[in-house]
Amino acid sequence: MRTRWLWVALALLISFWVLFPIYIIALSAFSDAAEISAWPKSFLPEHLSLETIAFFFGVEGVWRATLNSVIVAVLTMVFSIGLGAPAGYPEPDAHGVSPHQAGRGAALLPVRRRLLPDRAVLDLHLRGSQVPVLDVGHREPLKLGRNQWPEFAARACARCSAPSKP
Amino acid sequence: MINERTLPYLLLAPSITFLLVFFAWPLVEAFIVALTDTSGAWSLDNFETMAADIYFRDALVNTLLLVIVVVPLQLAFALAMAVLLRQLDAGRDLYLYVWTIPLGISDLAAGIVWLALLSERGYINTVLAGLGLIEGPELWLSYESPWALFVAVVIAEIWRATAIVLVILVAGMQLIPKEYDEAAEIFGAGRWQRFVKITLPIMKPSIQTALILRTILAFEVFAVVVALGGRDLPVLVSEAYFWQFEYQDSGVASAYAVLILAISMLATFIYLRVLRVREEQVA
């Protein structure tokens, strides 16, 4: 019973470690120029101001840059799903293929074997794509069923071609 | 023309074309640029220029040191966080979401966040001064105190990228049936024993994945270093960047790129061999 409080305290401490820098940068964004170069720094939002943030949005090119980011994000999503989903469909599996898919699955199997000789690399990306985490709230873990391949392959591919660095 | 035999190739064609044009071709191109001199003849000039540059040694040593220090720390923290998450009764989702927030922050933005904290008149110095450890504003992020710069990058990297390791480990840990733990407990295994004998072995595939991804990305550390130290703490990727965009020398920049690729591949190969995962262990 006592250790439970220890776990909660630790969890809160880690949350603080993650959130504190974000709080500080938000605080800086909503402070005036004098406050940003002040010493010593105040940790409380005492001198909130829209000066810095207003200046930021007035800078030439901010909206253009934002628009560029949105365009890149949308194109990345379209390309990764558009390229990844067909490539991952359907999952070839000698045991788990449903009857109506069996023909195509069986045909795809040797092709995939030929093109992807190293299963280890594929597994690496699949495991790296953190699929089961989406189900974290539930006691029963989401099993990586072989028939769910298209979805997982699409996700894995989205990760390979996405330019962001985790 | 679309039949059982051609369909797989048609489905795979778009992604293979994409990979060939935007991945394989630039890769070959980079090798060619790195291995030719200005007249277009094959030579190792670029690699010689790279190795003779005054920043090269420091860049190589700093990058390797960063990987050696950051990756094990991140693995240890992420493992501890994943185990802690399992112990909590309430709010598990919320904690996981909060802890993975840095995943959504770009690396340059993370560098700037830590710049605000660690700068001369920043928040960390305010705390240190409040505790009486320093007297006034003190400049840490400078070439005069390379160790402080190094520690700053390590802290920022741990803050920024531990989440990716955590997410992979949490995914792996979810696949461990609770019954294993309970059975071991009944037989009298302690907390530490259960962790070492049950959790760790089952999580080997996840740990391998996390290590490979994280190590490759650690070799590519760039934006955080540049935000915090500019060129005062040279690393391999920042040198590639400076050679490309400051000196306009694609040849040497490509030589750096080839070197980074070689190191990353070697590290991956070692992980795959050392942490060999049997087929039945793959979750």
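Me: What makes Phe57(A) count as partly exposed?

Reply: In this predicted model, Phe57(A) has a relative accessible area of 40%. The partly exposed class lies between the buried limit of 20% and the exposed limit of 50%, so Phe57(A) is partly exposed.

Me: Why is Trp63(A) called exposed?

Reply: The relative accessible area of Trp63(A) is 56%. Exposed means over 50%, and therefore Trp63(A) is exposed.

Me: How many aromatic pairs are there over all chains?

Reply: The count comes to 17 aromatic pairs over all chains.

Me: Why is the pair of Phe43(A) and Tyr123(B) called edge-to-face?

Reply: The ring centres of Phe43(A) and Tyr123(B) are 5.3 Å apart and the planes stand at 65°. Centres within 6.5 Å make a pair, and planes over 60 degrees apart count as edge-to-face, so the pair of Phe43(A) and Tyr123(B) is edge-to-face.

Me: How do you know that this pair joins two chains?

Reply: Phe43(A) belongs to the loop between α2 (33–36) and α3 (51–58) of chain A, whereas Tyr123(B) belongs to helix α6 (residues 123–130) of chain B. The pair therefore joins two chains.

Me: What makes the pair of Phe57(A) and Trp63(A) stacked?

Reply: Phe57(A) and Trp63(A) are 5.2 Å centre to centre, with 20° between the planes. Planes under 30 degrees apart count as stacked, so this pair is stacked.

Me: Which residues do ring pairs link into a cluster?

Reply: The cluster consists of Phe16(A), Phe20(A), Phe43(A) and Tyr123(B), linked by ring pairs.

Me: How do you know that Arg231(B) lies over the face of Tyr55(B)?

Reply: Arg231(B) is placed over the face of Tyr55(B), at 3.9 Å from the ring centre.

Me: Why is α1(A) called roughly perpendicular to α7(B)?

Reply: Helix α1 (residues 2–29) of chain A packs against helix α7 (residues 146–174) of chain B at an angle of about 105°, and the axes are 10 Å apart. Angles from 65 to 115 degrees count as roughly perpendicular, so α1(A) is roughly perpendicular to α7(B).

Me: Which residues make the contact, and what are their classes?

Reply: From α1(A) come Trp17(A), Val18(A), Pro21(A) and Ile22(A), and from α7(B) come Ile155(B), Ile158(B) and Trp159(B). The contact has 7 nonpolar, no polar and no charged residues.

Me: What makes Ile155(B) partly exposed, and which residues does Ile155(B) touch?

Reply: Ile155(B), in helix α7 of chain B, has a relative accessibility of 29%. That value is between 20% and 50%, so Ile155(B) is partly exposed. Not counting residues up to four places away in sequence, Ile155(B) touches Trp17(A) and Trp114(B). Ile155(B) and Val70(B) are 85 residues apart in sequence and 8.5 Å apart in space, C-alpha to C-alpha.

Me: Why is Ser145(B) called buried?

Reply: Ser145(B) lies in the loop between α6 and α7 of chain B and has a relative accessibility of 11%. Buried means under 20%, so Ser145(B) is buried. Beyond its neighbours within four places in sequence, Ser145(B) is in contact with Leu139(B) and Trp140(B).

Me: What makes Thr199(B) buried?

Reply: Thr199(B), in helix α9 (residues 191–202) of chain B, has a relative accessible area of 11%. The limit for buried is under 20%, and Thr199(B) is therefore buried. Leaving aside neighbours within four places in sequence, Thr199(B) contacts Met173(B), Ile176(B) and Arg194(B).

Me: How many helices and strands do the chains have, and what percentage of residues is buried?

Reply: Chain A has 7 helices and 0 strands, and buried residues make up 30% of its 166 residues. Chain B has 13 helices and 0 strands, and 46% of its 283 residues count as buried.

Definitions and conventions: Residues numbered from 1 in each chain as written. Chains lettered and ligands numbered in written order. Predicted model: local features only at pLDDT ≥ 70, side-chain atom pairs only at ≥ 80, totals over all residues. Heavy atoms only, no water. Axes fitted to C-alpha atoms, helices over the stretch in contact; angles between N-to-C directions. Helix = DSSP H or I, 4+ residues; strand = E, 2+ residues; numbered from the N terminus. Parallel < 35°, antiparallel > 145°, perpendicular 65-115°, else oblique. Contact = heavy atoms within 4.5 Å. Nonpolar A, V, L, I, M, F, W, Y, C, P; charged D, E, K, R; others polar. Phe/Tyr/Trp six-rings, centres within 6.5 Å; stacked < 30°, edge-to-face > 60°. Buried < 20%, exposed > 50% of the residue type's maximum accessible area, 1.4 Å probe, protein only. Lys NZ or Arg CZ within 6 Å of the ring centre and 35° of its normal.
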